[in-house]
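Work through the exercises below with the model open. Try each task before you read its solution.

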Amino acid sequence: MESNTRKVQMMQNVHLDPETDEDDLYSGYNDYSPIYDIEELENDAAFQQAVRTSHGRRPPITAKIPSTAVTRPIATGNGSKTSLASSIGRPVTGAIQDGVTRPMTAVRAAGFTKAALRGSAFDPLGQSRGPAPPLEVKKKDSPEEKIKQLEKEVNELVEESCIANSCGDLKLALEKAKDAGRKERVLVRLREQATTPENINLDLTYSVLFNLASQYSVNEMYAEALNTYQVIVKNKMFSNAGILKVNMGNIYLKQRNYSKAIKFYRMALDQVPSVNKQMRIKIMQNIGVTFIQAGQYSDAINSYEHIMSMAPNLKAGYNLTICYFAVGDQEKMKKALQKLIAVPLEIDEDKYISPSDDPHTNLVTEAIKNDHLRQMECERKAMAEKYIMTSAKLIAPVIETSFAAGYDWCVEVVKASQYVELADDLEIKKAVTYLKQRDYNQAVKIFKMLEKKDSRVKSAAATNLSALYYMGKDFAQASSYADIAVNSDRYNPAALTNKGNTVFANGDYEKAAEFYKEALRNDSSCTEALYNIGLTYEKLNRLDETLDCFLKLHAILRNSAEVLYQIANIYELKENLSQAIEWLRQVVSVVPTDPQVLAKLGELYDREGDKSQAFQYYCESYRYFPCNIEVIEWLGAYYIDTQFWEKAIQYFERASLIQPTQVKWQLMVASCFRRSGNYQKALDTYKDTHRKFPESVECLHFLVRLCTNLGLKDAQEYARKLKRLEKMKEIREQRMKSGRDGSGGSRGKREGSASSDASYVDPLGPQIERPKTAAKKRIDEDDFADEELGDDLLPE
């Protein structure tokens, strides 16, 4: 019984292959194999041996081994373990059973091949074959390498051309663009020879041609630029090339060929899809600008009206206002201004105000207050204000019966908009318009009304009031309003300059200089303050500092005649006549018809001893202003020195017409006639002078001598008149005690008033001083020696 029981147990461990599976090579694949039982891997000797090897390889598989793993015991019910083959009686994949090879299709992709069946090791990575051979070196002279290298060079040239253009070197940019074009054509030929034409890089060709056309355009080579653009536009292989017709229209606009410009703009507009609204709006703006320049305002109005209805913007609204102003439509001007004001700025000012006391939020707010986006918003707002102010200033005088009513309407419209702060600026513009019309009372009234506004407007109004009272020589009121302007806005350079002017007028030059310096510290471009500092230093006799101020001002205002004259004046005060002459010649190059500057140059050349140059500039001065007594006197004296008596006569006759109450010029004319030998004409001139000036002792002296030498009977009569006149003068001198010197001084004072050398220097602006001549001295020192008549008495 026990033996039967043991036999049964032994038979349970015996597995017989069914006879039906002998011919089925794929039988048993769905049976569970204990080899996949990971819980017994520690007891699998083959697996442990594989782990301990260097590459994890298992022992080589032989043909008759039925399994890749050894038998392993399995647990039995009484705790003993019985060994069990891993294949569990089924054929192993890849093994040979009874001379038949199992197929490898299921595992071939994992690296199993038939070579493993021949005793080779499992090596799916091919490590046993050694290192891979080196890559084949490409030949540098191959067509592919040449094409790649040439393409790289073309791209580099295009980039260098764009960089040179951005740096302002337009000539170099054009040269680089031309080189890129030449190399790109060589590249196209190489591609055609090496490959099919379909492999040509169209993007590179497009970029080269477009860059070349752009460089031609900025170098004002418009014909070449148009030809290059035509090559791009006519090539059907370039997609979306039609938009470049906008650039062609821009070129025709620069050439003032308005009809072709509009034609190309419209062609480009037809090729832009309707979804690209922004581009279409820009092209229509160009069309409107072209119509304005061509003078076709009605067509321009149609373009801008369409823009303002589709996508309103500041430039279109401003141009629309100008067009309506050009055609004179008052109602449409008002509507256009209202549309311009209604254009949204799309600026959120609230985001720059911190809503809480959170330190982090405050830091973020401070950081964005002056970033690039904020700067762009400020520029946009400034542009909008400029357009609105210009439009209102333009249409205000014509939209109503008077400019004041027009400004009032504009002010009301602006007050009802988001530009409320511009209303006060329009009021100031209105007051300035009154000033231009010399209606000072209305201007002062408006400025005084604006005094009650905020600090900025109050400072501007007080500044203008100070200037008005200063020009009216009311320095007390000017100083008072200048103080108000400075107190309202301490950083207003105009207010500080006006305050300095009032102090300058009172003679406190040191304090005036302090105000001018403060104005310059607040605004270094305030040229008025710098000019007035120069005048202040001149009054303080600090000539070196004066010269420095005007030289700095000359660096800012290169062609200012006033600055150039002041520099010349300083060099004259420093007795550097050569430098003074050089700077005055620069003044003449700027204002060649200024008679006072020409006379001043003549005076300096005369002091230098160059009579010919002095004569030339005095003649030029006389030609532009023939009423300057000093110039006339110098020219008459010059002709007397050179003994051209007849020429001197015409200048003295001109002087007698300008100053008919001066006996001096009549006597000079008569003396010139006498010196030229025309005694009869001289005698007639003396007699005529005596009738006009019967109390002239000098004229009677000349008459007595001339009549005596000519043997005329009138000599005795003139002698009696001379004696009586001298006796009367002696009695008058005894009575007045001042004598003849006093009367001569008063007469000299009257003469000096007509040709005063002094001039008032106004700190608000330069005043070119009248030239100081030596003509009077030259005439007084001339003795008019005459062999027949002896020494003549000279006129005082």
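A salt bridge is a side-chain nitrogen of Lys or Arg within 4 Å of a carboxyl oxygen of Asp or Glu. The model is predicted, so local features need pLDDT of at least 70 and side-chain atom pairs pLDDT 80 or more, while totals for chains, interfaces and linings use all residues. Residues are numbered from 1 along each chain as its sequence is written, and side-chain values use heavy atoms, with hydrogens and water left out.

**Exercise 1.** Find the salt bridge between Lys499 and Asp483, and state which helices it links.

Solution. 
- Step 1: get the distance. The N to O separation is 2.8 Å.
- Step 2: place the residues. Helices are DSSP runs of H or I, at least four residues long, numbered from the N terminus. Lys499 sits in helix 20 (residues 493-505) and Asp483 in helix 19 (residues 475-488), 16 residues apart.
- Step 3: check burial (buried is under 20% relative accessible area, exposed over 50%, partly exposed in between; 1.4 Å probe, protein chains only). Lys499 has 10% and is buried. Asp483 has 32% and is partly exposed.

**Exercise 2.** Which parts does the Glu160 and Lys176 pair tie together?

Solution. 
- Step 1: confirm the bridge. The side chains of Glu160 and Lys176 meet at 3.1 Å, N to O.
- Step 2: locate both ends. Glu160 lies in helix 3 (residues 143-166) and Lys176 in helix 4 (residues 170-194), so the bridge ties parts 16 residues apart in sequence.
- Step 3: read the accessibility. Glu160 is partly exposed at 36%. Lys176 is partly exposed at 24%.

**Exercise 3.** Trace the salt-bridge network that includes Glu603.

Solution. 
- Step 1: start with one pair. Glu603 bridges to Lys600, with the closest N and O atoms 3.5 Å apart.
- Step 2: explain the spacing. Glu603 and Lys600 are three residues apart in helix 26 (residues 595-608), so about one helical turn separates them.
- Step 3: check burial. Both Glu603 and Lys600 are buried.
- Step 4: extend. The network links Glu572, Lys600, Glu603 and Arg607.
- Step 5: The structure holds 23 salt bridges.

**Exercise 4.** What covers the buried residues of helix 9?

Solution. 
- Step 1: define the helix. Helix 9 covers residues 277-293, 17 residues in total.
- Step 2: pick its buried residues. Among them are Ile281, Met284, Ile287 and Phe291.
- Step 3: look for contacts (heavy atoms within 4.5 Å). The cover includes helix 7 (245-254), helix 8 (258-271), helix 10 (297-310) and helix 11 (314-327).
- Step 4: look just past the end. Gly295 takes a positive phi of about 80 degrees.

Methods: Helix = DSSP H or I, 4+ residues; strand = E, 2+ residues; numbered from the N terminus. Expected span 1.5 Å × (residues − 1).
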